[in-house]
Structures are given as structure tokens and as C-alpha cells.
Amino acid sequence: MVPVLLLLGVFIYFNNTNLLTPEPGGEPVLLAHRGIAQRFDATGLANDTCTASRILPPTHGYLENTIDSIGASIEAGADIVELDVHPTTDGEFAVFHDWALDCRTDGHGVTREQSMAYLRTLDIGYGYTADGGATFPFRGKGIGLMPSLDEVLETFPDRRFLINVKSNDPTEGEMLAAVLNGLTPDRRQALMVYGGDRPVAALSALAPDLKTMSRASLKSCLLRYVAYGWTGSVPRSCRSMLIFVPVNIAPWLWGWPNRFLDRMRSAGSEVFVVGPYHGGDFSTGIDSAEDIARLPRGYSGGVLTNEIEFAATRLKSRE
């Protein structure tokens, strides 16, 4: 029995060690979460917190999820830009983060219950303040800046995007699938989608060539990989998908980093390291020097960041 266990241990070690795996080379793929955005105090943050009312003193003039922000993110070094979408009553998708309009804009009500024509009239910089409402530095400067998804894709026809579905309504996944299936195969291959379990499942069924991710699909993938990834086999639930890996969990994955990345790439999946996971959502990124220091030397997978200018400067120049 002991020799069998010893041989099994030797197999597991050599099948997952990176000592015998050459570094793949190349630079990390940088994913800019919401593009270049106004940063905010995250202390005591809840799902319904109005982050525009607690921004830090502005150091730039960009507002998230706008054409200018996306363009600046690309110029800063983003390979992919993440954006948030909501269906509108006139058949489009608005690119805007919040479920409701009241926090950031001079409008009111649920975003998806409005027309794109109406949303274009709003001032999306109306609610931003860094001093408790004494001043509003972006008020009047964001009128007409909420774009549609069509506008973003037409403005940046050769760029990659990660589209975030903000609801858990399967109908929204069906609507988005119809839009994306109307694109050319090459254009569609430059897009990925993540969000609620139900809309992502509905979209995946109608657009199976798209890389997608939901909380349920990610959990299924990682739990199965932890269970038997030591064999070198990639679970079916990990194939052809987007995979977020929290930086504090990554070292526990079999073959991390190089063999894990190779296995997922061979399975048609794309991996992005995100910020530490402590039971919340995936909005934390690799945003500080401490976070970057946790990445393996020579890491060439994906990295999600809320600080694209900082991350690109540090990661694109690492030896």
C-alpha cells in the first residue's frame, strides 16, 4: 500500500509542478474593469451604496462606461475593457453600471425601464461628489454621454470587451444573444459575457461560441478542478469559458500558474486573476503594488484591474 501511495504522490507532484514547465513568456492580458473611472471610498460598501456620492478627490475627468473612458483605457494599456449593460424599452442595450438612475444621474427610476432615447438626455455626472455634496465636479459635464452597446462596438470595432449582464433575468440573456449573434463570427469572438446565472445560461444556450461566466459556472468549474485537476484533466464545466481566479485562491489550484494556464487555454478558456475573495463579488481587482506582488514572476495570464494606468505601468514592464 505504501509504495502505491508513494507512486501516486510522485505522479501528482510531477504532473503539477512548474519546475519542469517553461515559462510561457509574453505580457499579461489586462482587463480594465469599467474602464478608467472615478475611484471611491469602499469602506462599509453595500450593494445599494451610492458610490458616486463618496468618490475620492478627482485626478482625471473620465466617467466610467463612456466612450471617452473606454478610449483612454485602451490608450493606457487595456487589452480588454469591461462594461455593464441594461436592456432598454426601445430594444437597445444601455452601457451604464447602476440598476437605477438616481445615484449618478439627474434621472430617476430603474435603468432597464427607460428608453435609450431618454437615457441619452441624462447627465451621468450629476451625482458625483467628493465632499459630501458641497460641490459636484462633474455636474453638467456628462449630458448625453451614456452610450449604447451598439455605439461602443461601432466606435471600437477591433477591440475586445467583457460585457456584464446586471440582472438575473433569462430574457435579458436571450435579448443579448440576439444582438451578439447578429455580429460577424470574428467580431463575436472578441467578446465575452458574464453576470447572473439565469441570463448567462440562456445566452450560452443561444450563442455557444461565446466565452461566458456566471457565479454558478465558475463554482462548478473550480470545485471540479480542485477535486481531480491533479490528474491533468480539465473538467467539462471549465471548457470554453471565462474564468476568474481570486489571487488568494490561485496558489491552491493544481499546476498554478503555468500548467493551470496551459490546461485552460487548451480547453478554450481564458483566465483572469482578480482581487482577493472574501465572500463578496468580483469587483475587486489587482489594484495595488501589494496585489501585483502576489502574481507569480513571469505570469502571462489575464489580470482584472480597477486601476488600469497603474497596473499597465507595473505589469507591462515586469521582467
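## Enclosed cavities

In this predicted model, the second largest cavity holds about 40 Å³ of space. Its lining is formed by Val247, Ala250, Pro251, Trp256, Val273, Arg294, Leu295 and Pro296, and by class these residues comprise 7 nonpolar, no polar and 1 charged. Counting cavities of 30 Å³ or more gives 2 in the structure.

The largest cavity has a volume of about 50 Å³. It is lined by Leu63, Glu64, Asn65, Phe96, His97, Arg104, Ile124 and Tyr128, a set that divides into 4 nonpolar, 2 polar and 2 charged residues.

## An open pocket beside helix H8

The second largest pocket has a volume of about 240 Å³. Of the 11 residues that line this pocket, Leu218, Lys219, Leu222, Ile249 and Tyr277 are the closest to its centre. Helix H8, which spans residues 215–228, supplies the largest share of the lining, with 6 residues. In terms of class, the lining of the second largest pocket consists of 9 nonpolar, no polar and 2 charged residues.

## Salt bridges across the sequence

The structure contains 12 salt bridges. One of them joins the side chains of aspartate 98 and arginine 104, with an N to O distance of 3.0 Å, and both aspartate 98 and arginine 104 are buried.

Another salt bridge is formed by aspartate 169 with arginine 112, whose closest N and O atoms are 2.8 Å apart. Aspartate 169 lies in the loop between strand E4 (160–165) and helix H5 (170–181), whereas arginine 112 lies in the loop between strand E3 (93–95) and helix H3 (116–119), so this pair ties together parts that are 57 residues apart in sequence. Aspartate 169 is partly exposed, at 22% relative accessibility, and arginine 112 is likewise partly exposed, with a relative accessible area of 22%.

A further salt bridge brings together the side chains of arginine 160 and glutamate 270, at 2.7 Å from N to O. Because arginine 160 lies in strand E4 and glutamate 270 in strand E8 (residues 270–274), the pair ties together parts that are 110 residues apart in sequence. Arginine 160 counts as partly exposed at 25% relative accessibility, whereas glutamate 270, with a relative accessible area of 17%, is buried.

## Aromatic pairs and a ring cluster

The count of aromatic pairs comes to 7. Tyrosine 128 and phenylalanine 138 are 10 residues apart, each placed in the loop between H3 and helix H4 (149–155). Both tyrosine 128 and phenylalanine 138 are buried.

The rings of tyrosine 194 and phenylalanine 244 have their centres 5.5 Å apart and their planes at 55 degrees, so this pair is classed as tilted. Since tyrosine 194 lies in strand E5 (residues 191–195) and phenylalanine 244 in strand E7 (residues 242–246), the pair ties together parts that are 50 residues apart in sequence. Tyrosine 194 is buried, with a relative accessible area of 8%, and phenylalanine 244 also counts as buried, at 0% relative accessibility. A cluster is made up of Tyr225, Trp256, Phe260 and Tyr299, which are linked by ring pairs; Trp256 is also one of the residues that line the second largest cavity.

## Arginines over aromatic rings

Arginine 139, in turn, lies over the face of phenylalanine 136, at 3.8 Å from the ring centre.

Terms used:
Residues are numbered from 1 along each chain as its sequence is written. This is a predicted model: local features need pLDDT of at least 70, side-chain atom pairs count only at pLDDT 80 or more; totals for chains, interfaces and linings use all residues. Side-chain values use heavy atoms; hydrogens and water are left out. On a 1 Å grid over the protein atoms alone, a cavity is a set of points where a 1.4 Å probe fits but cannot get out, and a pocket is an open set with protein on both sides within 12 Å along at least five of seven lines; lining residues have an atom within 4 Å of a point. Grid points are joined across faces, edges and corners, and a volume is the space filled by probe spheres set on the points. Ala, Val, Leu, Ile, Met, Phe, Trp, Tyr, Cys and Pro count as nonpolar, Asp, Glu, Lys and Arg as charged, and the others, Gly among them, as polar. A salt bridge is a side-chain nitrogen of Lys or Arg within 4 Å of a carboxyl oxygen of Asp or Glu. Buried means under 20% relative accessible area, exposed over 50%, partly exposed in between (1.4 Å probe, protein chains only). Helices (H or I, at least four residues) and strands (E, at least two) are DSSP runs, numbered from the N terminus. Rings of Phe, Tyr and Trp (its six-membered ring) pair if their centres lie within 6.5 Å; planes under 30 degrees apart count as stacked, over 60 as edge-to-face and the rest as tilted. A charge sits over a ring if NZ of Lys or CZ of Arg is within 6 Å of the ring centre and within 35 degrees of the ring normal.
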